[in-house]
Amino acid sequence: MLKKIVILLFILISINLNAKDMSKYDKYVNFEYGFGSNKLYLFITPGCSHCDKLIKKIKLFPELNTYKFFLIPMNHIGNSNDKVKSILSEKKKDRFEKLLVSERIQYKNYKGNDTKEILETIKRNKIIFESNNGKYVPYILNKNGNSINTYGSEFSNYSNIF
């Protein structure tokens, strides 16, 4: 237990929670998509209907932004923990495509290898999400750490994204 607390404290200190420059999280990004000059940081839960709609729209416009993804399991979204583990077990270059099809795949009783790295990544993602005032998904931040969305809004409201 003490070891877990020390690791958690180390993570909190290393990500300097008060800074607003989101680039400090770049080394923790689960994967990226797109090649635009503007960077957006997305906290997504596989299986979330709002997230799925956003992801499909992002696929259509890779030139507009560079999307930096963090996967967050949410308890109220069925099998999201297993989906996150399954996607994180893929190579980084394959994760976006796996995320695209995650709504159609059943991940009941994920039997993958819960490596220490995957479990620490999920824990770190939650810390980054919560330390940036994340409560719901999809949660989108610009490079300055400002939220540019509200939970459940229609994506036509994201005029600064698409």
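Predicted model: local features only at pLDDT ≥ 70, side-chain atom pairs only at ≥ 80, totals over all residues.

Buried here means under 20% relative accessible area.

**Exercise 1.** Work out how many helices and strands the protein chain has, and in what pattern they follow along the sequence.

*Solution.* Start with the tally: the secondary structure comes to 5 helices and 4 strands. Next, read along the sequence, and the pattern is α-β-β-α-β-α-α-α-β. Then turn to the contacts with a separation of 6 or more: residues 24 or more positions apart account for 75% of them.

**Exercise 2.** Find the buried residues of helix H2 and explain where they lie around its axis.

*Solution.* Locate H2 at residues 49–60; its 12 residues reach 17 Å from first C-alpha to last, close to the 16 Å expected. Now pick out the buried residues: Cys51, Asp52, Leu54, Ile55 and Ile58. These cover an arc of only 165 degrees around the axis, so they sit on the same side of H2. Finally, look at the partners: the buried residues of H2 pack against strands E1 (31–33), E2 (38–44), E3 (65–71) and E4 (139–142), and against helix H4 (95–100).

**Exercise 3.** Decide whether helix H3 is mostly covered or mostly open, and find what covers its buried residues.

*Solution.* Go to residues 80–88: H3 is mostly covered, with 8 of its 9 residues buried. Among them are Val84, Ile87 and Leu88, but also Asp82, Lys83 and Lys85. Their cover includes E3, H4 and helix H5 (116–131).

Technical notes: Residues numbered from 1 in each chain as written. Heavy atoms only, no water. Helix = DSSP H or I, 4+ residues; strand = E, 2+ residues; numbered from the N terminus. Expected span 1.5 Å × (residues − 1). Buried < 20%, exposed > 50% of the residue type's maximum accessible area, 1.4 Å probe, protein only. Arc of directions from axis to C-beta. Contact = heavy atoms within 4.5 Å.
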